Amino acid sequence: MRSARVFCSACDRPVSVMLSVAPRTDGQATLHDDEVVCLEIGDRCTGELCPIGAVAPHAMVARLVRLGLPTDALRTVNATCPTCEVQVEMVLYGGGKAACTVCGAAAHWVAGHAEPLP
């Protein structure tokens with residue numbers, strides 16, 4: 001993995017990202033692409049699609065967790081995830097939404113608890 005700063009059109013500023021390097025092989029196995037992981041998911045992420053990683057913000061959080069990257073720089077709360085029903089740390093992002101750091105599911109963050117998205 002390597003770090004970089006790239007311009008985010010949603011935030012209108014440079015943000016820190018990590019670039020995972022996919023394994024390369026000359027065989028016939030499927031080759032997966034490198035992944036871009038934004039390290040600054042937050043209040044300005046109000047869209048349905050991250051312009052940097054081309055995924056929804058909750059999917060970006062799932063990438064971050066799956067790759068073992070720290071979430072300490074993100075705005076988080078402890079809550080019960082409405083999808084996996086586990087008491088977890090949830091990453092808050094724009095529009096009153098949160099993403100579970102265990103299953104990656106998106107939820108609404110409402111007055112101290114998470115509710116499933118409709």
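In what order do the three strands of the open sheet sit, and is their pairing parallel or antiparallel? The order is β1-β2-β3, and the pairing is antiparallel. Because β1 (2-8) and β3 (35-38) stand at the edges with a single partner strand each, one side of each has no neighbour in the sheet. From one strand to the next, the twist averages 40 degrees.

Let's zoom in on one pairing. Strand β2 (residues 13-20) joins β3 in the antiparallel sense over four bridges. Leu-19 has Val-36 of β3 as its bridge partner.

Keep in mind that this is a predicted model. Here is how the confidence looks:

| Part | Mean pLDDT |
|---|---|
| Protein chain | 82 |
| β1, the highest among the elements | 90 |
| β8 (residues 113-116), the lowest among the elements | 76 |

Across the protein chain, 88% of the residues reach a pLDDT of 70 or more.

Now for the inside. The largest nonpolar core has 22 residues, and Val-15, Val-17, Cys-38, Ile-41, Ile-52, Met-60 and Tyr-93 have the most contacts inside it. At least two residues of this core come from each of β2, β3, α1 (57-66) and β5 (87-93). The top contributor is β2, with four residues.

Beyond its neighbours within four places in sequence, Tyr-93 is in contact with several residues, including Ile-41, Cys-45, Pro-57, His-58 and Ala-106.

Note on methods. Residues numbered from 1 in each chain as written. Predicted model: local features only at pLDDT ≥ 70, side-chain atom pairs only at ≥ 80, totals over all residues. Heavy atoms only, no water. Pairing = 2+ DSSP bridges. Axes fitted to C-alpha atoms, helices over the stretch in contact; angles between N-to-C directions. pLDDT = per-residue confidence, 0-100. Core = buried A, V, L, I, M, F, W, Y, C linked by side-chain atoms within 4.5 Å. Buried < 20%, exposed > 50% of the residue type's maximum accessible area, 1.4 Å probe, protein only. Contact = heavy atoms within 4.5 Å.
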